[in-house]
Amino acid sequence: MKILITGTAGFVGFHLANRLAEEGHDVVGLDSINDYYDVQLKYDRLQHAGIQREKRTYNTLVESTLMPNYKFIQLQLEDAGNLERLFARERFDAVLHMAAQAGVRYSLNNPRAYVESNILGFLNLLEACRYHPVQHLVYASSSSVYGLNTKQPFSVQDNVDHPVSLYAASKKSNELMAHTYSHLFGVPTTGLRFFTVYGPWGRPDMAYFTFTQAILEGTPIKVYNYGQNARDFTYIDDIIESLVRLLPIVPQPVSKAEAEGHPALSTAPYRLYNIGNSTPVILSDFISTIEDALGQKAIQEPVPAQPGDVTSTFADVADLEAVTGFKPQTSLKDGIGAFVEWYLGYSSRGRG
């Protein structure tokens, strides 16, 4: 297949592009390379995939020096004209949309970034898929959409009308926009609610990354909600395996009777899935796992919960397992061990 993957200088998109290119697909990676976090890590991810920094210019395809079937283009999704021309020229079979303005706390002070990237950018992508039809549009949503929901585990059949951050609201909006395009124009869309993804080459704004750095430096870490928050931490390889298995499973419309009362189903070609490890871990235990992997204790500073944070996440992945035969299963100990090994090697090269 010829596949467009957005966000390939980012965490999930980077791993996904490498996996699909290695499997022989023709991959075009796209990223704006914004400065939400250290761009050096983004450049290093691209370099690892064979994309030379000195060869990049805006809106120009650059070939990987390591994988002849992988090309990269630096482009903003908000740039509707150049995005449309990319679709017209490349004629993609599928789109895997991993790009987004991420971060719950960042959205408290920078709300416009989420509207521009997550809403306008996604609209432009949907329009491109409308006028240059693809077999399948798969896009990243988030466990954040569950917001104030208290029934656990979280199911894709649950109502998600009470988000508690603009980031979550933007992801819920993506699901609504995707359904509209599936219904009106027949664009087959699959939304994936990721649960706290972690692993090598991860995001430096995430707790596992900042905690590891602080522990090694001997500086205190803020432990929000006094360590009582719980998260369904999901290892990156399990996310990628789920994505790869879902790519060929194009959603089909169901009857009105089947769709009634089931938000993840529709009479349009539209589906939703959770991707999580189904094993919530309390933050204090999460910190202990990092301490064990590093062989060093953290200096902890317990503080109250942050606005926009939810107390607990817990994924019901029954639908995912039913259609793919797979469910995330990497233990936190193994996943954190792999991350720490990568981090120590990356930092030793004068980066990170």
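Which residue in strand 12 is the bridge partner of Gly191? I looked it up: Leu272 is the partner.

**Ground rules.** I am working with a predicted model, where local features need pLDDT of at least 70, side-chain atom pairs count only at pLDDT 80 or more, and totals for chains, interfaces and linings use all residues. Numbering starts from 1 along each chain as its sequence is written, and side-chain values use heavy atoms, with hydrogens and water left out.

**The sheet.** I followed strand 7 (residues 189-194) and found that it pairs with strand 12 in the parallel sense over six bridges. Pairing here needs at least two bridges found by DSSP, and helices (H or I, at least four residues) and strands (E, at least two) are DSSP runs numbered from the N terminus. I then traced the open sheet of eight strands, whose order is 3-4-2-1-5-6-7-12 with mixed pairing. Strand 3 (61-63) and strand 12 (270-275) are its edges, each pairing on one side only.

**Helix 7.** I moved on to helix 7 (residues 207-217), where the buried residues (under 20% relative accessible area, 1.4 Å probe, protein chains only) include Phe211, Ala214 and Ile215. Just after helix 7, I noted Gly218 with a positive phi of about 75 degrees.

**Helix 7 against helix 12.** I read a packing angle of about 60 degrees, with the axes 11 Å apart; axes are lines fitted to C-alpha atoms over the stretch in contact, and angles run from 0 to 180 degrees between N-to-C directions.

Notes: Buried means under 20% relative accessible area, exposed over 50%, partly exposed in between (1.4 Å probe, protein chains only).
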